[in-house]
Amino acid sequence: MTSTDLANHYPVDPTHLQRLRARLESDAQADDLLDIAYRTVDSAVGPLLLAATPLGLVRLAFANEDPDGVLLSLSERISPRMLEAPTRLDPIVRQLDEYFAGRRRSFDIALDWSLSHGFRRTVLEHLNTGIGYGATASYAALARLAGSPKAVRAVGTACATNPIPIVVPCHRVIRSDGGVGAYRGGPVAKRVLLDLERNGSCTPATPSA
């Protein structure tokens, strides 16, 4: 019997599923069983997967990153005690909505740096505090800011593997020749974010044909 056959014989009430998910979320939090809460939200750069631990936002993934693969990686690297728990991420979602509407220039969000280590974490921490809204810097400038002027390639790797893009604004790092450069969410998404910070509004990204 296929899943379609099962659905026909045993119809599922979406309202019941929503109540069940809410109960699971409540029970998991009450018993301290939830290590990672996640949800998906729409944005001007497409769907975003958000994941947070009790320490803070640990992962923000774009649609082109394979959400299932991201969740699997989180379960292996941090904890398998994971649940879709939208309310846990409401404060983060509100700030992202304000950012994309042009009403927020910085994020007041606790961050969990569990997925960043060593020099990569150093780079991202300097990036998070040293390059403000609407500004850009080259990879070489960020290397100097991080205290290792010759580590331009390593800085590029840190930006490319940034687990918390947008909030930790690696989109503000561009090539020395002024080119946009690579981006985890794709060059179109990077341009949307740069235009947003330059103009105070943005045109939602559309998939390439």
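## Pairing of E1 and E4

In this predicted model, Ala37 has Leu83 of strand E4 as its bridge partner. Strand E1 covers residues 36-41 and is joined to E4 by three bridges, the two strands running parallel.

E1 and E4 belong to an open sheet of four strands, ordered E3-E2-E1-E4, in which the pairing is mixed. The edges are taken by E3 and strand E4 (82-84); each has a single partner strand, so one side of each is left without a neighbour in the sheet. From one strand to the next, the twist averages 25 degrees.

Helix H4, residues 90-100, packs on this sheet. The helix touches E1, E3 and strand E2 (48-53), and its direction makes about 140 degrees with that of E2.

## Overall composition

The protein contains eight helices and six strands. Read from the N terminus, the order of elements is α-α-β-β-β-α-β-α-α-β-α-α-β-α.

The protein has 209 residues, of which 42% count as buried. Among contacts with a separation of 6 or more, 60% come from residues 24 or more positions apart.

## Surroundings of Asn64

Asn64 lies in the loop that connects strand E3 (56-62) to helix H3 (67-77). Apart from neighbours within four places in sequence, Asn64 contacts Arg184, Gly185 and Gly186.

The C-alpha atom of Asn64 is separated by 9.3 Å from that of Pro47, a residue 17 residues apart from Asn64 along the chain.

Cys170 sits in the loop between helix H7 (152-160) and strand E6 (173-174).

The relative accessible area of Cys170 is 3%, and the residue therefore counts as buried, the cut-off being under 20%. Leaving out neighbours within four places in sequence, the residues in contact with Cys170 are Leu127, Cys159, Asn162, Pro165, Tyr183 and Lys190.

Definitions and conventions:
Residues are numbered from 1 along each chain as its sequence is written. This is a predicted model: local features need pLDDT of at least 70, side-chain atom pairs count only at pLDDT 80 or more; totals for chains, interfaces and linings use all residues. Side-chain values use heavy atoms; hydrogens and water are left out. Buried means under 20% relative accessible area, exposed over 50%, partly exposed in between (1.4 Å probe, protein chains only). Contact means heavy atoms within 4.5 Å. Two strands pair if DSSP finds at least two bridges between them. Axes are lines fitted to C-alpha atoms, for helices over the stretch in contact, and angles run from 0 to 180 degrees between N-to-C directions.
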